[in-house]
Amino acid sequence: MTQHERAIGDTLLKVDNISLGFGGVQALSNISFDIREHEIRAIIGPNGAGKTSMLNVINGFYHPQEGAITFKGEVRRAMRPHVAAKQGIARTFQNVALFKGMSTLDNIMTGRNLRMHKNILWQMLYYGPARTEEMEHRRRVEEIIDFLEIQAIRRVPVGKLPYGLQKRVELARALAMEPELLLLDEPMAGMNVEEKEDMCRFILDVNEQFGTTIALIEHDMGVVMDISDRVVVLDYGRKLADGTPDEVRGNQDVIDAYLGVPHDEGEA
Amino acid sequence: MLYREAGQFKTGYNTDQSIFPIRQDRWAIALFLAVAVVAVPLVIDDYWAKAVLLPLLVYAMATLGLNILVGYCGQISLGTGGFMAVGAFASYKLTTAFPDLNLIIVLLLSGCVTAAVGVLFGLPSLRIKGFYLAVATLAAQFFLVWLFNKVEWFYNYNATGQITMPPREVFGFLITGPEATPAATYLFALGFLIVFGLVAKNIVRGRVGRMWMAIRDMDIAAELIGVRPLMAKLSAFAVSSFYVGVAGGLYFTVWFGAVEVTEAFDINQSFQVLFMVIIGGLGSILGSFLGAAFLVLMPILLKNFMVNWLGVAAVTAKHVEITLLGVLIIFFLIVEPHGFARLWQILKEKLRLWPFPY
Amino acid sequence: MGDSLLYFIEVTIGGLLAGVMYSLVALGFVLIFKASGIFNFAQGVMALFAALTLVGLMEKLGVPAWVAIVMTIGVMILLAWLIERLVLQHLVNQDPIILFMATIGLAYVLEGVGDLMWGSDVKALNVGLPDGAVDWMFDLGIYVTKLELVAAATAAALVAVLAVFFQRTRIGRALRAVADDHQAALSVGISLRTIWVIVWSVSGIVALVAGIMWGSSSGVQFSLSLIALKALPVLILGGFTSIPGAIIGGLIIGVGEKWAEIYLGDYIGHAIENWFAYVLALAFLLIRPQGLFGEKIIERV
């Protein structure tokens, strides 16, 4: 694994005036912000603010009615999710979306899918190039398994794992894609304090060691303020504020809409 | 005490990912294959070949195919009978058009033809899911049987509408036709099953297999990590139909030798194979063999028991057999919905610890 | 009126009436699927079983038709209770495909038991329904049998009764609650097991009606169970959970099939009714994947 200099670089992804609606409901109106290389960008807001919809737009799962997205200099309105994956956008989900019938190892190996090219004929023989390729990727996956400290559950079907570990496997699967931009949807939801600390450490390590740009949604304000470089705040599909954690913390709109309400603090 | 993996160390990812990582398993499978390949042909007679072993081999092949689609890729199909018919008629047309073509090639080509047809009927799977898809695949079942029944070209314009397999030799051995020896037909079919059983295992443990399972378990997430649903689903339909087509070809060429499409490949055939998949275990190669064996052998045992031992009239025995089959299926689903494959797994876990389970 | 127009009308009416039969069977499917998420493949065999029982009771016991019908209803309710007791209860929370397979097993059992009890020969069923052509229509040059009209009227009445049952009665509302959300229904104290017995009884009775209609016109025999296969495309078209969908879908399939047989049959070969309905339903799905009455689903992650 190569060590990256963690210096925030140029704009990696730019969201321009995105609007998205479902029938009568406007999920996102005129949202614009950017994500720079190597930074950790948080998207926060109360429930129903449109955070998950925003991630869904970025990786092509929802197609917005208006606006444009620029990723690595390429402008587009929408694309198919697997194209987004190919361009280097990986993702974890609010409600864990692992392949429940498969083992941890197979789940993570699936993340290597886009990087494996040997055709089905070689695979039928499980010989020659196909086997070599399989072994190469297995080695890479084992590195990720070591990195996230999940060696012991390699062979366990993920459906049987506790929730906290499932979240970790999901992160492993996303990392296996070696993405440039990693979208994390509430990576710490439903975790206890210890698990949260572990997850924070992993996120920071990923960012530092691999130089991966991270956009994350999180409700735990302590975590958000601690680890993110910049924060964008959404409320009812509109952008309320955008800036460093300190700037956001001081913004009156944000305090009114969100931070000032005590029961939202640290919500799971 | 004999079944232990202690002391067997894995020295690379290669050995860790082999099909039988435990040494005892490798011995057992080698012994089993030796019996199947060497001992069985020495004692086989016509009854055993036609009533027991060929059905077993042919259905195991079809079950493997359907399990790839249903068990690994999660797409329910009720069109298996129709696809088997494609395999049978393709091999008939090929072998009558090119009498000199090696029967192995004929069957492989028939599999390819069926794969193409399978992809065609798999197209709806891109838009519909679950039981809607299951019902849609019935379209394949009914349409294909109708087609082979109506269009005379498929049965070379003969008056009966039946297709009959002419005698064919492979490497100097007569394989088809009434003169073929039971041992030759058995070994021919067995060869196909061993090769394609291994191939199936190789496919499902590699990239393509993982792609299918990803679609099965969570299609949205699969797409978001770069699996293309189009490719995954259609390749599953193709590979699955290939197997089912070869099974249909074997059914016609070496087992029955003559078939009439509406009788041989009706919808009950589709259900039968689906039962084998479910009872064997969804998403298990070994389960496919066990499921096929169970559903081939059980009716034979039931029938023999009732007709020969209890002296029940054959017609009544047929009704009782259907009833009991239904009861057994329900019973089995209640007791172990994950099929024989799961039972086998549990047994092995127990054996590993036996006789000191704590 | 020209002959070809008259013929067209006759074909269309014939199609609509056949469609009513499909609707009846599809209705049985929908009731069970709505309430329990089970794709009940035994629905067709249930129609056969009900008709066999009815004929058997009339022949062996010599009771009048209406007594036999009441007794058969009793048998179907008993059957529903047995199915819940012996099968469904043990399969709660299993995958839908396992439940689906169990209903195929059930179909085998019912078929075997029906044959063992009543024999597998073709039986005539006569419960006193009128037969023969409808005179005034025959005078116009259109051939429609009285039986077909009675079947249509019965189906319409049955649908009306079911609609009232679902909208107005307490049990009906409970059924709808269960269909919407199992957990929620359980939490407000609706017993899932009772509900299942009720829906299976109701579909058993619907199966009986279908069995009587079908059996009266073409005899009670194994092929009766195959009408279930004809009803399946109706489900794709109308949706697995929509009662109006089952009715309209049935009519569309019935008419479409007859038109195709008459007007396309000459070009692509006859006896296409086995698969034409499926192709029709599939073509429709490609245009409107959510079916006739389904709503567009917004996927979430």
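**Exercise 1.** In this predicted model, find how many residues of domain 1 of chain A are in contact with domain 2 of chain A, and work out what that side is made of.

*Solution.* 
Step 1. Start with the pairing: 11 residues of domain 1 of chain A are in contact with 10 residues of domain 2 of chain A (contact means that C-beta atoms, placed from the backbone, lie within 7 Å).
Step 2. Next, look for the elements, where helices are DSSP runs of H or I with at least four residues, numbered from the N terminus. On the domain 1 side, α2 (81-87) and α7 (193-210) of chain A each supply at least two residues, and α7(A) gives the most, with three residues.
Step 3. Sort that side by class: eight residues are nonpolar, one is polar and two are charged. Here Ala, Val, Leu, Ile, Met, Phe, Trp, Tyr, Cys and Pro count as nonpolar, Asp, Glu, Lys and Arg as charged, and the others, Gly among them, as polar.

**Exercise 2.** Describe the side of chain C that touches chain B.

*Solution.* 
Step 1. The contact takes 38 residues from chain C and 30 residues from chain B.
Step 2. On chain C, α4 (96-118), α10 (227-238) and α12 (273-287) each give two or more residues; the largest share, 14 residues, comes from α4(C).
Step 3. By class, this side has 29 nonpolar, six polar and three charged residues.

**Conventions.** Residues are numbered from 1 along each chain as its sequence is written, while chains are lettered from A and ligands numbered from 1 in the order in which they are written. As the model is predicted, local features need pLDDT of at least 70 and side-chain atom pairs count only at pLDDT 80 or more, whereas totals for chains, interfaces and linings use all residues.

Conventions
Contact = placed C-beta atoms within 7 Å.
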